[in-house]
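Visitor: I have a model open and would like to learn how to read it. Could we take the features one at a time?

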Amino acid sequence: MQTEAKQAFSISDELANQIDQVLAAHDHDATQIVGILLEVQDLIPQQYVPEAVAFYIAEKLPIKVSIIYDCLTFYSSLSDKPRAKYPVEICRSVVCRVNDSDSLLDTLKKILNIEVGEVTYDGRFMIEEVPCFGACDVAPAIRINGKVYGHLDTPEKVRSVLSSLM
Amino acid sequence: MSSEVRFITKNFGKYNPDSIDSYISIGGFSALKKAVKMDGEDIASVIAAAKVKGRGGAAYDMGRKWSQARAVKGEHKLVICNADEGETCTFKDRELIKNDPFNLIEGMIIGAYTVQARDGYIYMREEYRHLRPRLLSAIKQAEEKGFLGDNILGVKGFNFRLHLYSGAGAYVCGEGTALIRSIEGKAGRPRMKPPFIKVSGAFALPTCINNVESFSIVPHLLLDDSNVYTNCGNGESIGTKLVSVGGNVRKPGVYEVPFGTTVREIIFGLAEGIPGGRRLRLVQFGGASGKVSDERILDTPYTYDDLKAAGVDVGTGSLLVIDDRTSVIDFLRYTQAFFSHESCGQCTPCREGNLHMKLLLDKLAAGEAHPCDIEKMKKIANIMTLTSLCGLGEAAQNALLSAMKIFPEVFAVGGAH
Ligand SMILES: Cc1cc2nc3c(=O)[nH]c(=O)nc-3n(C[C@H](O)[C@H](O)[C@H](O)COP(=O)(O)O)c2cc1C
Ligand code: SF4
């Protein structure tokens with residue numbers, strides 16, 4: 001299913017236009033490739049950088065596509081595989097774990113009915129385990145598309161965060 | 001003795017961090033105005049006299065670093081602010097950027113004046129992307145007011161521009177050479193030194209890297225005519241330090257304390273202690289790469305020397321407090337998992353060592369370890385420390401090795417092998 005999505009991805013004129021704007025905002029400076037990829041990833045509904053997009057950027061910037069893939073596979077905030085509209089990043093660092101992020105993870109799995117790394121049937125949510133994102137003062141915490149939600153120590157709180165995104 | 005001081009954080013809440021006019025109205029940029037009337041060497045001396053040590057973890061003499069950077073010859077030099085803040089339980093730089101972005105920028109401009117740099121970079125972790133708009137706008141406002149650009153404050157030839165770069169979820173990119181590669185648009189794998197960064201850093205230009213807190217101290221220090229800073233602490237540990245306290249405490253957060261405050265005051269005073277009547281199991285100092293202790297550390301004054309004598313380090317200034325619900329082994333396994341995940345995999349001791357360490361810890365947790373496994377752990381840990389290419393592999397076993405000293409009973413497994 002994932003490979004289908006990959007093959008099916010084609011760059012719309014609107015997306016091409018948006019990518020061009022990102023490149024222009026970075027002065028077509030190839031040293032800014034990491035920042036460029038992060039911004040472009042935000043433009044794709046499934047929060048990843050499809051192959052077609054990687055090649056498009058490589059040609060437009062220009063930069064070698066191998067450098068793009070070196071970055072995509074090295075940096076954990078970048079993905080070359082489809083994720084979800086709302087990737088739910090749960091902090092699995094020791095600080096959140098001693099504040100019972102195990103229960104938080106269980107709650108997420110139950111509510112969304114998926115395991116870590118899986119995507120819900122409608123492509124909206126997935127669960128990703130990540131290291132400390134610096135929200136230790138509000139542990140246990142999750143992060144969704146850059147926004148931190150902390151103090152998630154009851155299923156009700158988790159439910160209300162998730163439903164606020166529906 | 002009440003323990004919080006406001007020196008580095010004195011601007012917090014005093015101005016609107018999105019407005020340069022608001023910053024100027026509380027005296028913002030007067031340190032820079034003073035600085036440009038000074039000789040760069042004298043600025044470095046002020047920092048050296050206050051014995052400021054880098055706040056990113058390695059505690060390198062900051063005055064000395066600036067003086068050395070100044071002495072390096074080069075038409076085009078750089079300063080870089082390390083805002084990668086990847087150590088677990090460390091979130092003080094986040095507070096500095098959030099509450100006082102202009103002071104950081106002012107500190108960097110003073111740094112550029114001192115070491116004669118033409119460009120500056122702030123390398124901020126992706127996890128702090130919510131702070132990007134604030135920093136970008138702060139840089140833009142500083143350009144509009146002429147604090148960034150050409151002939152700053154009318155000083156001929158003092159040209160300096162600031163760029164904001166984003167990390168992308170790689171802890172190792174906090175290491176200097178990895179950070180530099182990331183800024184160059186590459187994967188952030190560390191490289192061997194030499195060449196040293198001060199001679200050949202980003203884009204092979206002479207580069208001076210400091211932590212957010214380090215830069216943030218400078219403007220306040222230059223204006224500190226009444227010696228508020230230098231009157232705090234003693235010996236090698238002068239001034240104040242931002243500590244990030246987290247884990248099992250009632251009030252986790254960032255606190256500014258004078259050096260010499262006891263660990264007990266930080267954990268039980270400022271952070272209000274452990275909730276639910278539970279007992280302290282251990283404290284880890286300075287992030288995932290830091291060492292641990294137990295309640296025996298509580299009455300130790302928080303200074304570089306006292307902590308060192310007690311077997312731990314200041315590091316990034318974090319204190320992770322763990323109560324008796326978590327076992328020492330589980331703590332070590334969580335910490336270990338962090339390093340397995342973050343190892344860039346480039347060199348064998350770190351890549352393979354972390355893997356084997358995980359297997360051995362799992363075995364210990366399952367109650368299946370033999371005495372020879374404990375010996376193996378020590379051996380692998382030492383090999384990693386001695387032979388890893390970068391600080392990540394060198395420090396990954398700090399928690400384990402210190403835990404072996406503090407909690408020998410955990411590693412006292414029976415049986416012949
Ligand atoms: C694996 C690793 C990660 C590091 N991460 C950071 C970091 O996130 N922030 C930081 O300021 N220093 C970090 N450092 C330390 C830096 O390499 C460097 O010593 C520091 O930025 C210098 O600034 P300072 O002298 O002001 O502390 C890290 C070092 C290593 C080995
Ligand atoms: S020590 Fe670890 S993180 Fe550092 S270069 Fe080697 S493999 Fe990479």
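Visitor: Which element gives the largest share of the shell around ligand 1?

Guide: Before the answer, note that this is a predicted model. The share goes to strand E4 of chain B, with three residues. Two elements of chain B give two or more residues to that shell, strand E4 (207–211) and helix H15 (391–395).

Visitor: Which residues come nearest to ligand 1?

Guide: There are 21 residues around ligand 1, and the nearest are Gly54(B), Gly56(B), Gly174(B), Asn211(B) and Gly391(B). By class, the shell has six nonpolar, 11 polar and four charged residues.

Visitor: Now ligand 2. Which residues come nearest to it?

Guide: Cys344(B), Cys347(B), Cys350(B), Cys390(B) and Gly393(B) come nearest, out of 14 residues around ligand 2. Helix H13 (348–365) and helix H15 of chain B each supply at least two residues of this shell. Its classes are eight nonpolar, five polar and one charged.

Visitor: Why does Gln346(B) count as partly exposed?

Guide: The class rests on a neighbour count: 20 or more C-beta atoms within 10 Å make a residue buried, and 12 or fewer make it exposed. Gln346(B) has 18 C-beta neighbours inside 10 Å, so it counts as partly exposed. As a distance exercise, take Gln346(B) and Ala31(B): they are 315 residues apart in sequence and 43 Å apart in space, C-alpha to C-alpha.

Visitor: How do I read a sheet?

Guide: Strands of a sheet pair through backbone hydrogen bonds, either parallel or antiparallel. In chain B, one open sheet of five strands has the order E8-E7-E11-E9-E10, with mixed pairing. Strand E8 (253–258) and strand E10 (292–293) of chain B stand at the edges with a single partner strand each, so one side of each has no neighbour in the sheet.

Visitor: How many bridges join E7 to E11 in chain B, and are the strands parallel or antiparallel?

Guide: Four bridges join strand E7 (residues 240–247) to strand E11 (residues 318–323), and the two strands run parallel. One pair to find on screen is Gly247(B) with its bridge partner in E11(B), Val321(B).

Visitor: What does Val245(B) contact, apart from its neighbours within four places in sequence?

Guide: Its contacts include Pro252(B), Tyr255(B), Ile266(B), Leu270(B), Leu319(B) and Val321(B). Val245(B) is also among the residues with the most contacts inside the largest nonpolar core, as are Leu37(A), Cys71(A), Ile109(B), Tyr123(B) and Ile266(B). That core has 173 residues. Helix H6 (residues 101–115) of chain B gives the most to this core, nine residues.

Visitor: How many helices and strands does chain A have?

Guide: Chain A has eight helices and four strands. Its domain assignment gives domain 1 (2–74) and domain 2 (86–163), with 27 Å between their centres, taken over C-alpha atoms. Buried residues make up 38% of the 166 residues in chain A.

Visitor: How many residues of each chain does the contact between A and B take?

Guide: The contact takes 38 residues from chain B and 28 from chain A. On the side of chain B that touches chain A, H12(B) gives the most, with six residues. By class, that side has 15 nonpolar, 15 polar and eight charged residues.

How values were computed: Residues are numbered from 1 along each chain as its sequence is written. Chains are lettered from A and ligands numbered from 1 in the order in which they are written. This is a predicted model: local features need pLDDT of at least 70, side-chain atom pairs count only at pLDDT 80 or more; totals for chains, interfaces and linings use all residues. Two strands pair if DSSP finds at least two bridges between them. A residue is near a molecule or strand if its C-beta atom, placed from the backbone, lies within 6 Å of it. Ala, Val, Leu, Ile, Met, Phe, Trp, Tyr, Cys and Pro count as nonpolar, Asp, Glu, Lys and Arg as charged, and the others, Gly among them, as polar. Two residues are in contact if their C-beta atoms, placed from the backbone, lie within 7 Å. Domain bounds come from an automatic or database domain assignment. A nonpolar core is a set of buried Ala, Val, Leu, Ile, Met, Phe, Trp, Tyr and Cys residues joined through C-beta atoms within 7 Å.
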